[in-house]
Structure formats: structure tokens, C-alpha cells
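Notebook open, model loaded. I want to look at the cavity lining and then at the ring pairs.

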Amino acid sequence: MPRSSTSPHARGATAGDARADTRLRIIAAAKDEFARHGIAGARVDRIAKEARTSKERVYAYFSSKEALYRHVAEEELTALVEATQLDTADLPGYAGILFDHFTAHPDHYRLITWGRLELAASADAADLMQATISRKLDQLRDAQRAGLLDPGWEPVDVLALINQIATTWVGQPEIAAAAPQADGTSAARRAALVTAVERLFPRTS
């Protein structure tokens with residue numbers, strides 16, 4: 001019988017690639033499952049089926065459903081931070097960026113919201129979020145000192161109000177469903193929230 005022409009090194013690389021691919025499929029399936037059903041309602045057997053693997057393989061990569069959620073949440077928070085950079089000279093534009101991100105990825109918003117309701121964030125996710133918030137608050141304070149933002153506002157209130165306005169539609173789908181057709185387009189909703197933030201915190205650029 002002829003020997004395989006594939007070297008042990010190549011076979012090892014192929015096996016490693018297959019493991020990495022399986023892990024990525026598990027993470028992708030978990031994102032969808034957690035966004036749809038939350039943590040308590042998510043089922044590892046559905047994640048495994050969608051990922052074309054077994055429950056045992058899922059648990060080989062992640063020790064529990066909660067550990068899998070934490071990993072997914074950390075990835076989503078990192079993506080959110082990278083996609084939504086704060087420009088203190090254009091706070092209405094920042095609100096628009098947040099709106100665009102969550103409009104394009106409503107599952108991201110749902111997934112993170114489930115975690116707030118059901119599970120304390122992991123240390124890594126909490127550290128990332130707190131570091132991001134602290135950095136943005138420092139930017140807002142710098143803008144106040146530079147005369148770009150009304151110093152009468154508490155920076156934490158500015159950030160909270162902008163975040164809340166920017167996620168108005170994704171966070172309240174029942175109101176979105178009741179909107180008149182003429183006001184129901186994404187562009188109209190975006191324009192409305194950007195205008196609201198503009199009136200609170202006018203552009204300085």
C-alpha cells in the first residue's frame with residue numbers, strides 16, 4: 001500500500017485549520033443564538049447544529065454556555081468600540097455613527113442588552129467598556145476646557161443622553177413599528193436623532 005504523500009507537518013496544519021474553522025463557526029452561530037434568545041433561552045444543541053458540529057465539541061472550546069456568551073460579548077464590544085469613535089467637535093455626527101452601527105447590526109444591540117439583563121459582564125468585557133467610557137469622558141472634559149462644549153453639562157450626562165438618543169429606534173422597535181410610513185425610513189429616523197443631538201450639543205467644527 002502506498003504511503004500518504006502528505007507530511008506530518010502538513011497534516012497537523014490541516015487539522016489545526018479545521019479546528020480553527022470549527023471554532024469560528026461556533027462563535028458565529030452563538031452570536032445569532034444569543035441575539036435571538038438571550039442567555040437563558042439559548043440552546044447549545046442549536047448552536048452546535050448551526051455550526052455543523054457536536055455539543056461536545058462546543059464544550060471542548062468553551063467550558064459553559066455563559067463562557068461562550070462572554071467570549072461573544074467581548075468580541076461585539078470590541079467591534080463596537082472600533083466602529084464608533086467619538087468626535088467631540090461633532091457630537092451629532094457621533095450619534096449618527098452609533099445609529100448606523102446598530103441599524104446595520106441590530107443583533108449586536110440585542111446580544112449586549114441580553115447580557116446586561118441576565119449576566120454580569122466578564123472582567124475583560126467590563127474592563128474594556130469602562131476604559132472606553134473613561135476615555136470618552138476625558139475627551140468631553142477636554143472639549144469643555146477648549147470651549148467646544150458647554151461646561152454646564154456633566155460629561156457623563158452628555159454621553160448617556162447621546163447614547164440613549166442614538167439607540168432610540170433599535171431599543172424601541174414597538175414605537176418604530178407604529179411610526180407613520182413617511183417617517184419610517186432609516187434616513188428619516190437618523191435625521192431626527194441627529195437633529196435632536198445637534199440642538200443639545202451643537203457642532204463646533
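I sorted the lining of the largest cavity by residue type: two nonpolar, four polar and two charged. (Nonpolar means Ala, Val, Leu, Ile, Met, Phe, Trp, Tyr, Cys and Pro; charged means Asp, Glu, Lys and Arg; the others, Gly among them, are polar.) This is a predicted model, where local features need pLDDT of at least 70, side-chain atom pairs count only at pLDDT 80 or more, and totals for chains, interfaces and linings use all residues. Residues are numbered from 1 along each chain as its sequence is written, and side-chain values use heavy atoms, with hydrogens and water left out.

I found Val81, Thr84, Gln85, Leu86, Thr132, Arg135, Lys136 and Gln139 in that lining. Helix H7 (residues 123-145) gives the most to it, with four residues; helices here are DSSP runs (H or I, at least four residues), numbered from the N terminus.

Next, the rings. I get three aromatic pairs, counting Phe, Tyr and Trp (its six-membered ring) with centres within 6.5 Å; planes under 30 degrees apart are stacked, over 60 edge-to-face, the rest tilted. Phe34 is in helix H1 (residues 8-41) and Tyr69 in helix H4 (residues 65-83), so the pair ties together parts 35 residues apart in sequence. I checked burial (under 20% relative accessible area, 1.4 Å probe, protein chains only): Phe34 is buried at 0%, and Tyr69 is buried at 5%.

Technical notes
1 Å grid on protein atoms, 1.4 Å probe; cavity = no way out; pocket = protein on both sides within 12 Å on 5 of 7 lines; lining within 4 Å. Helix = DSSP H or I, 4+ residues; strand = E, 2+ residues; numbered from the N terminus. Buried < 20%, exposed > 50% of the residue type's maximum accessible area, 1.4 Å probe, protein only.
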